[in-house]
Amino acid sequence: HRGSLWGGRFASGPSPELQALSRSTHFDWQLTPYDLAGSRAHANALHRAGLLTDADHTELLRGLRVLGERYAAGDLHPDPSDEDVHGALERLLLEEVGPEVGGRLRAGRSRNDQVATLFRAYLRDHARTISGLVLDLVDVLAGQAGDHLETGHESVMPGRTHLQHAQPVLLAHQLLAHAWPLLRDVERLRDWDARVAGDSPYGSGALAGQTLGLDPEAVAAELGFTGSSANSIDGTSARDFAAEFAFVTAQVGVDLSRLAEEVILWTTREFAFATLHDSWSTGSSIMPQKKNPDIAELARGKAGRLVGNLTGLMATLKGLPLAYNRDLQEDKEPVFDSVTTLEVLLPAVTGMVATLTFHADRMAELAPQGFSLATDVAEWLVREGVPFRDAHEIAGACVRRCEELGCDLPDLDDDQLASISTSLTPEVRTALTVEGSVASRSGRGGTAPARVREQLDAVRAGTAAH
Ligand code: ARG
């Protein structure tokens, strides 16, 4: 234990049981590049403060560079006796540059301000990666929307509420309804990053700050932050940045899951709105005919896991006294898992959506069914001067009559219409086409083709802006 970070006051080494419990290298080892960058910036700060000679400074930077190269080559590994990534890298640095020079680096910092900084730096990098992957999916949704928005051949489908036929909508409108939440997730990641960027905890020490005259702002700038923590206790103990990140990743999961559920429904024999590409679907080990939407189901399932990571982390943080407590070591695994989960899931969902074939004829056939044009009858009556309350009743009576007759709204003849209400002149039939229904919803945000084309441009501008 003399070789460990805290052996001095202990007469005996840690028990194997404690070591097994305490060890975090199996998950925090991936912070190595960030730890080395932090150490570089810290060595520079010590040097500027006159606490490292030029020769020692140069030697430390060389040692850190060698460790970085070995890590990149897959040739740097923690030892079972190492407690965490910070201790392991100090041991390896001492091996590289000797204890005399290597032992100088730890001055003026603590693993508490180190890990709080590195975790932020790691998440900032992955926020950018995840944003890019989300934008790839938005691009693919926009591409599918564009493909089904050709003038004169705009694909329609049944729009649903309560999963029941409600009103016809354009397929492009429905697809873009999945693009907007994803664009908001990207915005959330950007907002999050701007907040985290100003709060580099290096310089907070264990909790109370450091005495050596080091410049935390310079360290922050070197690590790509815009500022350092205003309060050293807050800097080392707050993890709201991790919880917020876990929320955004959980929200991405929920948004993917909502899209996935539609793909699952659309590719059933009953819906038959879409077919999955062979390379993006799976078979059954016993039923030769099966083609399963596993990617969509995994998206739905992993959303639960992402939500679990968020709630698990928040349960850990609740009620912790200031400042650092070892409980905080539990902050990393759930958030690392959320990162890995999304970085694997997003490309799969994007490929599945990109290669989905839609069956426009089938969707068009079903679009007017289930009396989805009843609202159009009521709104036509309103334009004829009938109060909506009465119009709603009259359109409802038309649906009841159709159900009695076993027909659809456009099948009612002039006499049948007139017998329901004298306001129902034959002109009402102009309101009874899917194309007319869709085109009439022409207010901002509506499903009219002209509006959806504007929307598609806005989505494309939104992805280009990031
Ligand atoms: N490995 C710890 C963590 O991830 C950092 C070390 C702080 N440990 C300590 N005993 N102060 O939170």
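User: How do I read the packing of helix α8 (residues 171-197) and helix α11 (residues 240-266), and at what angle do their axes cross?

Analyst: Happy to start there! Two packed helices are described by the angle between their axes and the distance between the axes. Here the axes of α8 and α11 cross at roughly 170 degrees and come within 10 Å. Axes are lines fitted to C-alpha atoms, for helices over the stretch in contact, and angles run from 0 to 180 degrees between N-to-C directions. Therefore α8 and α11 are roughly antiparallel to each other (under 35 degrees counts as roughly parallel, over 145 as roughly antiparallel, 65 to 115 as roughly perpendicular, and the rest as oblique). This is a predicted model, in which local features need pLDDT of at least 70 and side-chain atom pairs count only at pLDDT 80 or more, while totals for chains, interfaces and linings use all residues. Residues are numbered from 1 along each chain as its sequence is written.

User: Which residues of α8 and α11 meet?

Analyst: From α8 come H178, P181, L182, D185, R188, L189, W192 and V196, and they meet F241, E244, F245, V248, Q251, V252, D255 and L259 of α11. Contact asks for C-beta atoms, placed from the backbone, within 7 Å. Helices (H or I, at least four residues) and strands (E, at least two) are DSSP runs, numbered from the N terminus. The α8-α11 contact has ten nonpolar, two polar and four charged residues (nonpolar: Ala, Val, Leu, Ile, Met, Phe, Trp, Tyr, Cys and Pro; charged: Asp, Glu, Lys and Arg; polar: the others, Gly among them).

User: What angle do α3 and helix α4 (residues 54-72) make?

Analyst: About 175 degrees, with the axes of α3 and α4 10 Å apart. That makes α3 roughly antiparallel to α4. Residues of α3 in this contact include L36 and A43, and those of α4 include L60 and L64. By class, the α3-α4 contact divides into eight nonpolar, five polar and one charged.

User: Into which domains is the protein chain divided?

Analyst: An automatic or database domain assignment sets the bounds. They are domain 1 (16-107), domain 2 (112-154 + 171-365) and domain 3 (368-461). The centres of domains 1 and 2, taken over C-alpha atoms, are 30 Å apart. Their contact takes 18 residues from domain 1 and 19 residues from domain 2. On the domain 1 side, α2 (25-28) and α3 (32-48) each give two or more residues, and α3 gives the most, with ten.

User: Which residues surround the ligand?

Analyst: S24, D84, R111, N112, V115, Y324, R326, L328 and Q329 do, where a residue qualifies if its C-beta atom, placed from the backbone, lies within 6 Å. This shell has three nonpolar, three polar and three charged residues.

User: Where is there a cis peptide bond, and which residue has a positive phi?

Analyst: Most residues other than glycine have a negative phi, and most peptide bonds are trans. In this model a cis bond joins L322 and A323, with omega about -5 degrees; A323 lies in the loop between α12 (294-317) and α13 (332-354). H162 has a phi near 55 degrees and is found in the loop between β1 (156-161) and β2 (164-170).

User: What confidence does the predictor give?

Analyst: The protein chain averages a pLDDT of 96, and 99% of the residues score at least 70 (pLDDT is the predictor's confidence in each residue, from 0 to 100). For the complex, the ipTM is 0.96 and the pTM 0.95.

Key. Two residues are in contact if their C-beta atoms, placed from the backbone, lie within 7 Å.
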